[in-house]
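Hi,

Here is the structure I said I would pass on to you. Have a look through it first, and then read my notes below.

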Amino acid sequence: TGAIGLYNLGQSCCLNSLLQVFLMNIHFTGILRRITVPPCAVQRRSNVPYQMLLLLEKMQCGKRKAVRPIELACCLSAHRVQLFVQHDAAQLFLHLWNLIKKQMKKLELVEELSDLYTICIQEHLACQNCSFEIKNNSSMLTLPLPVLDSNSHRLKTLEDCVQYFFHPEELTGPNMCFCQQCGRKTPFLQSMKLVHLPKTLTIHLKRFCFEKSSYTHKLSHYLPFPQDLDFNGVLTENQCQADENEKATWQYELFAVVAHSGSTSCGHYCAYIQSLTECKWYCFNDSEVCQVSWDDVKCTYGHSNLHWGETAYLLIYMRKHPQ
């Protein structure tokens, strides 16, 4: 099953949780197993994909309940990933992914990795006085969903968060933009349209809130997320920029949850992951791995009165296979 734990090397729970999410994804490991092995020992020690591959083999070949990711941690440290400090899982995920992509030598593997994780969005800026419009295509590795609206009201479900992210925003008053056609600042309508979703979709719930006083606090309120997510049932036609063939692939099943407990200054991460070969849920809490139920996973929905409780921070959905 690959359900092997990783020993905590000292505040490495965030790294351990993300490594488990990567290495339990058989689509990712299928790419990892085809990398070019660096020719010399010095290059192998500093190559992140190769060290991840060695860790995967150590986890799958051994009969221990957990292994120590020391060589990979040292490799990451050489690439300015700090050890023995608290990390933000969303930021560390981006850093790891970029290191992996940068050090893969085969172009076809780089393309496969991008296809596996990259979300494509089209940004629209439309003048409200004339027909002038600007369109820009952009890509992202995570879908960063706010959990509060512009009035600081709590969004009630994951679907509400998705709808709010793609909801058009009027830019008026001091936020007006210069229109080349009108020759002056005018009200604009800013919107984002979904173009493409990858096989592995990573959603970042923005639960850490920055206040004007530079104090960061955690938003722990109840926010349910579904096991099955169909973007066709969540977004309107105006929020999509894709053909029917693309939209037919927008049906997802929850694969993993990276959960955070504690406060922003003193927290802990663990990962709930569904084995793609067994269809069973496991909780990876550093060296401890145990089978859990869907009800256990739902405990990460959050609770307003339990600020130190466990809340989902990253949601990883896997595209459903066509029937």
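What follows is a short tour of a helix pair, the cavities and one glutamine.

Keep in mind that this is a predicted model. Let's start with helices H6 (residues 89–103) and H7 (residues 107–117): their axes come within 10 Å and cross at roughly 155°. Anything over 145 degrees counts as roughly antiparallel, so that is how H6 and H7 run relative to each other. On the H6 side, the contact is made by Phe 93, Trp 97, Ile 100 and Lys 101, while H7 brings Val 110, Leu 113, Ser 114 and Tyr 117. Sorted by class, that makes six nonpolar residues, one polar and one charged.

Now the cavities. I get two of 30 Å³ or more. The largest has a volume of about 60 Å³, and Phe 93 and Tyr 117 turn up again among its lining residues, along with others including Leu 18, Phe 22 and Thr 200. H1 gives the largest share of that lining, three residues, and strand S10 (200–206) also supplies at least two. No charged residues are found there: the lining has seven nonpolar and three polar ones.

The second largest cavity comes to about 30 Å³. Its lining includes Asn 47, Gln 103, Lys 105 and Lys 106, and by class it splits into four nonpolar, three polar and two charged residues.

Last, back to H1 (residues 13–23), where you'll find Gln 20. Gln 20 counts as buried because its relative accessibility is 2%. Beyond its close sequence neighbours (within four places), Gln 20 is in contact with Ile 4, Gly 5, Leu 6, Met 59, Ile 273 and Phe 284.

Cheers

Definitions and conventions
Residues numbered from 1 in each chain as written. Predicted model: local features only at pLDDT ≥ 70, side-chain atom pairs only at ≥ 80, totals over all residues. Heavy atoms only, no water. Helix = DSSP H or I, 4+ residues; strand = E, 2+ residues; numbered from the N terminus. Buried < 20%, exposed > 50% of the residue type's maximum accessible area, 1.4 Å probe, protein only. Contact = heavy atoms within 4.5 Å. Axes fitted to C-alpha atoms, helices over the stretch in contact; angles between N-to-C directions. Parallel < 35°, antiparallel > 145°, perpendicular 65-115°, else oblique. Nonpolar A, V, L, I, M, F, W, Y, C, P; charged D, E, K, R; others polar. 1 Å grid on protein atoms, 1.4 Å probe; cavity = no way out; pocket = protein on both sides within 12 Å on 5 of 7 lines; lining within 4 Å. Points joined across faces, edges and corners; volume = space filled by probe spheres on them.
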